[in-house]
There are 4 protein chains.
Amino acid sequence: MAIELGSNRYGKAETRVVRVVRDSERHEIVDLNVSVALAGDLDDTHLTGANDKVLPTDTQKNTVFAFARDGIESAEEFGARLGEHFTGSQESIDRATVTLQEYTWTRHGDHTFSRGDGGEHKQATVVYENGRPDVTVGLRDLLVLNSTDSEFTGYIVDEYTTLAPATDRILATAVTADWHFSETDVDWNKAYTAARTALIEAFRDTYSLSLQQTLYAMGAKVIEVLPQVDRVTLTLPNKHHFLVDLEPFELDNPGLVFFAADRPYGLIEGTVERR
Amino acid sequence: MAIELGSNRYGKAETRVVRVVRDSERHEIVDLNVSVALAGDLDDTHLTGANDKVLPTDTQKNTVFAFARDGIESAEEFGARLGEHFTGSQESIDRATVTLQEYTWTRHGDHTFSRGDGGEHKQATVVYENGRPDVTVGLRDLLVLNSTDSEFTGYIVDEYTTLAPATDRILATAVTADWHFSETDVDWNKAYTAARTALIEAFRDTYSLSLQQTLYAMGAKVIEVLPQVDRVTLTLPNKHHFLVDLEPFELDNPGLVFFAADRPYGLIEGTVERR
Amino acid sequence: MAIELGSNRYGKAETRVVRVVRDSERHEIVDLNVSVALAGDLDDTHLTGANDKVLPTDTQKNTVFAFARDGIESAEEFGARLGEHFTGSQESIDRATVTLQEYTWTRHGDHTFSRGDGGEHKQATVVYENGRPDVTVGLRDLLVLNSTDSEFTGYIVDEYTTLAPATDRILATAVTADWHFSETDVDWNKAYTAARTALIEAFRDTYSLSLQQTLYAMGAKVIEVLPQVDRVTLTLPNKHHFLVDLEPFELDNPGLVFFAADRPYGLIEGTVERR
Amino acid sequence: MAIELGSNRYGKAETRVVRVVRDSERHEIVDLNVSVALAGDLDDTHLTGANDKVLPTDTQKNTVFAFARDGIESAEEFGARLGEHFTGSQESIDRATVTLQEYTWTRHGDHTFSRGDGGEHKQATVVYENGRPDVTVGLRDLLVLNSTDSEFTGYIVDEYTTLAPATDRILATAVTADWHFSETDVDWNKAYTAARTALIEAFRDTYSLSLQQTLYAMGAKVIEVLPQVDRVTLTLPNKHHFLVDLEPFELDNPGLVFFAADRPYGLIEGTVERR
């Protein structure tokens, strides 16, 4: 029997950096949570504890802050710049994965901003390897809801079936979506807005016979509007809104009162690809 | 020695009710998390387990759903209606506290809506007793940030002081605010918007010498704009943004790169009152 | 109209201090999350931003770390020591509230320990005022479950009732408990263990006709075993375990298969007092 | 341009089932959170909304409850039984992934149990395909800490380095581990205990020159003690405990007082394999 080291990586996770742009009285802020993961020739530190090929995670954090000094045009560009640095400056590092969560603030004045604590945010992942970045961008925790135009009928019935068909239901989900770019000559901030709009509009405009159908429509729409995107992955929990039975109280309930359930929930996962 | 029952209450917490208004093709949705707590003549169930004065929490949940059928004009009105019902219909119940968290959705079409999963929300508390409601309204998890116009100097220096005075810092907090109404003849939805705007504008317009000073300004502004409010309570964590020392990397940092820390944090709590 | 400052306090929340005792090869660790809140003559900082009576929260954090150097016999003693310092050394501070969450580690060797990330923990609150500490101790997030010996029958039936009486149900709750001491000449660590055991044993030994009855029994038992305790406050969510209807699948279900629900839940709150 | 459906799956997530064994007065409880994900011939529901090959997630939930009626010997066996059912009974389903989180309760009597709300738990994943289960077992949220016998020195120094070498530090991590079985003729409950013990003992017994070295030792030990395991994947956040500088207060700090930081943190990920 032999025991061997398999794939591995390490880095500093969740460095919370806020960059203020104060070139004029009208400040801007960029608010990121940056995670770095490096891979390469790292057998020694695992097998003998020799760290001469290890760039400390503390140094990675310092690098994030130092690079932020130069300005952050977009999360994608910042991630690529960090990835290029780590792979280019360290012989032992072949691949750098930089994951950046970005929180959007709403302006209320020259230097005043607000946002919800939690809620929807953007996530960009840049994998830097062989001298070039591979970019995936996505969003998290965006709830969308259609109060009608959703059915679920015609499914398999077996001995464990108790569900009644629904011809008019609420369809609600928390969108986790990631779209992969086949190139990097992209206006990142514009592309993000376009993808987000495409997801919401496809959700809105699909008369849904299943959440799977809606998922496919959402992914396809992102591919349609962004020519540089070749793949969209979606994870859509079916956040069930159950129509409450009000008959015991001598009340009807024509699609008016719903119970929003937590668990269990349906979970629909799928990828839509450009071929 | 005697052992006795002190104050007590019970109820159904966190009934998640979504009410759709479909009077026309343009639907509306009201999304609430409703908690009920009842108090009164409840010694028996504690001391002997006799439940003949106990309205089950399951029934309270049913009541929330049944009352939602009639429509929900505002969280405040809905809470008052529930409180009146529980105290009015049950001889054993003297006081009903109804707490309602409300989540706001953004419209994207006739029946399509979105919101962040998590983040800022409204919270209304209605205490119904002696035939009348007592209403407190508030908000939770609203982050606000000023990127300048904040100082902290002139404080006590003792043997444990290491903090350097700051003459230009980021001031950021997650607002928890509750404002109490001295009457109930109020346009609730309009009042909420006015209070929220007052909080943000007071935060924005205060050149801050301490977060306490900003807290007072925020509370005072709500009282100024809402004549029916007699008390505002605020809980403001000082969400520290530390200027990163970039000197080791031969970079200056004139208020540009900050580390957003999690814990520990300052916590400022205070009440502002109309006299 | 006049606007005035009401009650207020401020301090450093959630300083995470770990104290290692290394007097011998067999180390000990004390793991605390310490929050300080100070109250006193603080009008100036609210009204004018003058901070000359403000001990910075940063200094409070430093003090927590410096005092930990001397050793931490118990959370209660450490909180009292800090409270005495803040009120004794600062003329402007009348009252110091020190809240300490304590995480318990399991030993696996001379210097190796484990614990769950999250889960049950102790919480002590020391209010130091007028030269003496007032101590409340409690626990959080302890789940307890009886798989039988629980009923719920004989309750009020009204027009919104659909619940069927239960003569044998699962009773489960997440215990939040706080017991207040009328004196401070206490072996704190021993008292904590005794109170925790009392809560679990009373839960176990009560044939329950309502969760209220169980709550009272739990509070009473703590008062019985700890002569220095004069008040116990309990918050007990009724974590519903619903018997699943298996009849559609031609199976019986004599108390075997349950669905553990999240929301809504019953919430029972009460205080038991020594008179 | 063509747009196509890529890999996809769907199912019911987080069905919370509690199974009581009441064959004697001494009850047992099994507490699971079960997620099912099915894959197969599912193009139609994505492309046209035709659901005739879709087994509803509601039915999957019902099946979990119905199968629990027969008893749950282990999470692994229960997952395999469900996977066999879904793939065997539905022509359209080729692969079923059943993920089971298991919560362990401590006994306090014949029918009384406790556990922390949150904290460490087991996770088993069974992928059922081609008529056989593929089993991976793991644990989550187990914190382990060594208060000495950990160094970090000899690392790369570059222009962004500020970290000082540490020759005696606290090493703490929250273990996420998964070990894959090459066969299924296993005493699952016994194997879990052995793996958990191996992880803790390897953490304890490794004088650590890097967390990577400790990770490798932990994985190797699981492979050593369990002959049916061929792969162990570990994700270990380096939960930094920073020695507090007490010099400004004229105190030394020989490894006694630490600040337990939240973010950022190191994150070490690696796989150890039997060859």
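Helix α2 (residues 57-68) of chain B packs on helix α3 (residues 75-89) of chain B at an angle of about 130°, with the axes 11 Å apart. Helices here are DSSP runs of H or I with at least four residues, strands are runs of E with at least two, and both are numbered from the N terminus. Axes are lines fitted to C-alpha atoms, for helices over the stretch in contact, and angles run from 0 to 180 degrees between N-to-C directions. The model is predicted: local features need pLDDT of at least 70, side-chain atom pairs count only at pLDDT 80 or more, and totals for chains, interfaces and linings use all residues. Residues are numbered from 1 along each chain as its sequence is written, chains are lettered from A and ligands numbered from 1 in the order in which they are written, and side-chain values use heavy atoms, with hydrogens and water left out.

α2(B) and α3(B) are therefore oblique to each other. Angles under 35 degrees count as roughly parallel, over 145 as roughly antiparallel, 65 to 115 as roughly perpendicular, and the rest as oblique. The crossing of the pair α2(B) and α3(B) is right-handed. That term applies if the near helix is turned clockwise from the far one by less than a right angle; anticlockwise gives left-handed. On the α2(B) side, the contact uses Q60(B), T63(B), V64(B), F67(B) and A68(B). They meet F78(B), R81(B), L82(B), H85(B) and F86(B) of α3(B). Contact means heavy atoms within 4.5 Å. The residues of this contact divide into six nonpolar, three polar and one charged. Ala, Val, Leu, Ile, Met, Phe, Trp, Tyr, Cys and Pro count as nonpolar, Asp, Glu, Lys and Arg as charged, and the others, Gly among them, as polar.

Now turn to chain D. The axes of helix α2 (residues 57-68) and helix α3 (residues 75-89) of chain D come within 11 Å and cross at roughly 130°. That makes α2(D) oblique to α3(D). α2(D) passes α3(D) in a right-handed crossing. Q60(D), T63(D), V64(D), F67(D) and A68(D) face F78(D), R81(D), L82(D), H85(D) and F86(D) across this contact.

Helix α4 (residues 188-205) and helix α5 (residues 211-225) of chain D pack at about 145°, with axes 8 Å apart. The crossing of α4(D) past α5(D) is right-handed. From α4(D) come A194(D), A195(D), A198(D), L199(D), E201(D), A202(D) and F203(D). From α5(D) come T214(D), A217(D), M218(D), K221(D), V222(D) and V225(D). This contact of α4(D) with α5(D) has ten nonpolar, one polar and two charged residues.

Next, the backbone. The peptide bond from R263(B) to P264(B) is cis, with omega near -10°. P264(B) lies in the loop between β12 (257-260) and β13 (265-274) of chain B. A cis peptide bond also joins R263(D) and P264(D), with omega about -10°. P264(D) sits in the loop between β12 (257-260) and β13 (265-274) of chain D. In chain A, D141(A) has a positive phi of about 65° although it is not a glycine. D141(A) belongs to strand β8 (residues 132-146) of chain A.

Last, the assembly. Two copies of a chain are related by a rotation about an axis and a shift along it. Chain D can be laid on chain A with an RMSD of 0.0 Å by a turn of 180° and a shift of 0.0 Å along the axis. The two copies are thus related as by a two-fold rotation axis. Copies are superposed by least squares on the C-alpha atoms of residues with pLDDT of at least 70 in both. Of the residues of chain D, G118(D) comes closest to the rotation axis, at 10 Å (C-alpha). 100% of the interface residues of chain D are also interface residues in chain A, so the copies meet through the same surface.

Chain A can be laid on chain B by a turn of 180° and a shift of 0.0 Å along the axis, with an RMSD of 0.0 Å. The same surface serves both copies, as 100% of the contact residues of chain A recur in chain B. Here 56 residues of chain A are in contact with 56 residues of chain B. The two chains bury about 4,900 Å² between them, 60% of it on carbon and sulfur atoms. Buried area is the accessible area (1.4 Å probe) that two parts lose on being put together, summed over both. In chain A, R69(A), L143(A) and L256(A) lose the most area to chain B, together 14% of what that side buries.
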